[in-house]
Amino acid sequence: MTMLKPISFLILIVCTNFVVIECRTIQPNDENLIQQICKKTPNYALCIQYLHSDPKAPSADVRGLALIMVNVMKNKANIAINKIHQLIGKSPPDQKEALDNCADNYNAIVVADIPEATEALLKGNPKFAEDGANDAVVEARGCENGFKGKSPLTAENNAMRDASAITAAIVRNLL
Amino acid sequence: MDRTNNSNHDVPFTYVSLPIGPHEDEALVESRGKWKARPVVFCGLLVLVSLVAFNGYKGSNGNITTLTSNEDLKQKTIHSHKWKPVSRGVSAGVSEKSNRLFTKSNNIGGMLFPWNNTMLAWQRTAFHFQPEENWMNDPNGPLYYKGWYHFFYQYNPNGAFWGDIVWGHAVSRDLIHWIHLPLAMVADEWYDQNGVWTGSATILPNGDIIMLYTGATDALVQVQNLAYPADLSDPLLIDWIKYPKNPVLVPPPEIEVYDFRDPTTAWLTSQGKWRISIGSKMNKTGIALVYDTKDFKTFERIEGILRAVPKTGMWECVDFFPVSTKLDIGLDTSARGDDVKYVMKVSLDDDRHDYYALGTYDENGVDFVPDDTNKDVGTGLRYDYGVFYASKTFYDQSKERRVLWSWIGESDSEDADVAKGWASLMGIPRTIVFDKKTGSNLLQWPVEEVERLRMKRCKFHNEKVMPGSVVLLNIGSASQLDIEAEFNIDKKDIEKIKQTNEEYNCETSGGAANRGALGPFGLLVLADEGLSEYTPIYFYVVKGSNGNLKTSFCSDQSRSSLATDVDKSIFGSTVPVLEGEKLSLRILVDHSIVESFAQGGRTCVTSRVYPTTAIYENAQLFLFNNATEATVTASLNVWHMNSAFINDKQVKLKS
């Protein structure tokens, strides 16, 4: 009979541990989710970096993380657009056509892809968010490839492409 | 089948009966209406075929010989190095199920290919349904009422991309010539404030029309709502009323609020109740929920589910309907009986494809059981192996047929859509019947009314196409065509080649540039004369290890355009070819959409094509045979197609 007390105490400890451990994986606000999700994207380090730059990330679910990335896409697009505007005035003539084309590419990202992705994620129709993110990759690539010589927008296009590819990969988890 | 011995001296309008699909006993009717007088002079029925030596894919050098004399029919051999296999490039980190857009990475030499207005304007179709501008997606609530076909659709009034969705509306007498009406429903209630999404119509025996549709509420929950016409005496059904006590269905507790949409047309149970299904998912298992109702206002959740298939993901746009196993007619959605099989169809969110299965339906057990569990809902047959999604059927009681509508999205980039001001088409509506010959698939065929658009016909009979050759069909401009063709491989060629274990897969076997003993051969559509751009639609036959032939039917977009921002996938599938059957196909070419049908509609492939050069008067049609051993004989009818003038007719009501 005297064995019962320590045994039941042991059982209590074990069960409590068990519950605590299990609870850890159930909670959405878990660093593990961000890591799990980022592992499934083409660029783990960049994904972690982008998500961590938003205070809402630790408590976000997959949908929330995707929305955070759409916001990152929006920032990258705006940076590119600003640079395109700067360049258009002073560019050499052989770059003018390519820059105009880039303006069209990024206009599509800002006017169509990002609003579409945002609405799709908010309203629970994620395939359109994947479409929007995938298209942004195509637009960034289109801009970059339009330059005959060296592109003045390589850094901006790469950033756009990377952010969009990460977004698309995160959205895939919702499908 | 008897064939007149065709030669250069054929009497005009000699009719040659080609097997054209399910209605084999019907004669091919010449197009009615204004286009009876045909110019005899032109291509017409002379076997005026000129041969173009294929000269490599980046355009020609000086070596093209065009032969115009009939006596001088020489065919040039195409050296195999000219047909370069497509370099697929590296798709880093992209899973197989990724959206196809992500693989549009064919960057040939880093060339910028800017779209100009001429190229973009050409892309609009002449006889496919599309609104005047902006974005369209799922077909909604198709029905036939008081002499009019009604068509509703997901529409964005604000841009050429998905968003702000409302219900567009159009009517037609014949499923081809459409009149646009004012929007049927907009997002003006809390229960559809964030989207008036997809739904289906049920016509009750007393003539009432019920529309059930999904609304995305102000709280972003997906619910089902009831709407009905404001005035049933208005054959155009212009105004719609939403039931004041909407929603009529909310997500059940075990279902996510984001996974509850696209209610089906209802069918009568033997208890006299109406039954519907709504697709959803539990984790990654696609499921179809079932509800019964007497009045479409209160619903009873039925225990169990119609079907569940693991790993298929969310089931959108569920469709469930009976087909006759004996008759070539459609059946009312509530039909039942001994000679009836059931079709369950889903749109998979996961891979943007529409799948169907044939099977049996047990009403009491609420069970759909596929005839072949290896080809289950979402894992087996597809309606179409190309761009084809969110499809929906309806029963056309006026002609006793079941008609299939489908959304055909764009395969280009968004900046082109923004520039051209529109995105998406509907496929030509198709009739659906059970394939009595195979017993294991459906047959789809463009509705016969599309044949009313046929104008001038060019006929080619028993054209012999040697291995490795290309034949220009001198029919004039080739952007709007209806083609019916038959192909025959020389029996001696089949007998002499070795058996092989080759597994051919349209999507991964390298397209029309990849030569086999008995394929590929078929047609090059939207091709320019120099063959810098072309889209092969072809058969590829493999002689298997038991001597049996296995046939694939493919549409190859890999060289469809010099542009670098369009999708260049290859689509297709195997197609059953029964003993004694010739290889037959039908192709509808309408500018940037190509719809292809093999063996009377056993395998169908829809693709979007965006050439930069092979447009307007430069678009041509070729026969080709890139097999190494097989000599192929082709017979075809090619009709030029009239426009349906869809966007010339709008009904604008005073606000």
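Biologist: What makes Arg172(A) and Asp350(B) a salt bridge?

Modeller: Keep in mind that this is a predicted model. In it, the closest N and O atoms of Arg172(A) and Asp350(B) are 3.4 Å apart. The cut-off is a side-chain nitrogen of Lys or Arg within 4 Å of a carboxyl oxygen of Asp or Glu, so the pair qualifies.

Biologist: How many salt bridges are there between chain B and chain A?

Modeller: The count is 5.

Biologist: Which elements of chain B each supply at least two residues to the side that touches chain A?

Modeller: Those are β3 (134–145) and α2 (414–420). The one giving the most is α2(B), with 3 residues. Sorted by class, that side of chain B has 14 nonpolar, 11 polar and 13 charged residues.

Biologist: And how much area is buried between chain B and chain A?

Modeller: About 3,200 Å², and carbon and sulfur atoms give 55% of that. The contact takes 38 residues from chain B and 36 residues from chain A.

Biologist: Let's turn to one residue. Why is Leu289(B) called buried?

Modeller: Buried means under 20% relative accessible area. Leu289(B) has 0% relative accessibility, so it counts as buried.

Biologist: Where is Leu289(B), and what does it touch?

Modeller: Leu289(B) lies in strand β13 (residues 285–293) of chain B. Leaving aside residues up to four places away in sequence, Leu289(B) touches several residues, among them Pro252(B), Phe260(B), Ile276(B) and Arg301(B).

Note on methods. Residues are numbered from 1 along each chain as its sequence is written. Chains are lettered from A and ligands numbered from 1 in the order in which they are written. This is a predicted model: local features need pLDDT of at least 70, side-chain atom pairs count only at pLDDT 80 or more; totals for chains, interfaces and linings use all residues. Side-chain values use heavy atoms; hydrogens and water are left out. Helices (H or I, at least four residues) and strands (E, at least two) are DSSP runs, numbered from the N terminus. Buried means under 20% relative accessible area, exposed over 50%, partly exposed in between (1.4 Å probe, protein chains only). Contact means heavy atoms within 4.5 Å. Buried area is the accessible area (1.4 Å probe) that two parts lose on being put together, summed over both. Ala, Val, Leu, Ile, Met, Phe, Trp, Tyr, Cys and Pro count as nonpolar, Asp, Glu, Lys and Arg as charged, and the others, Gly among them, as polar.
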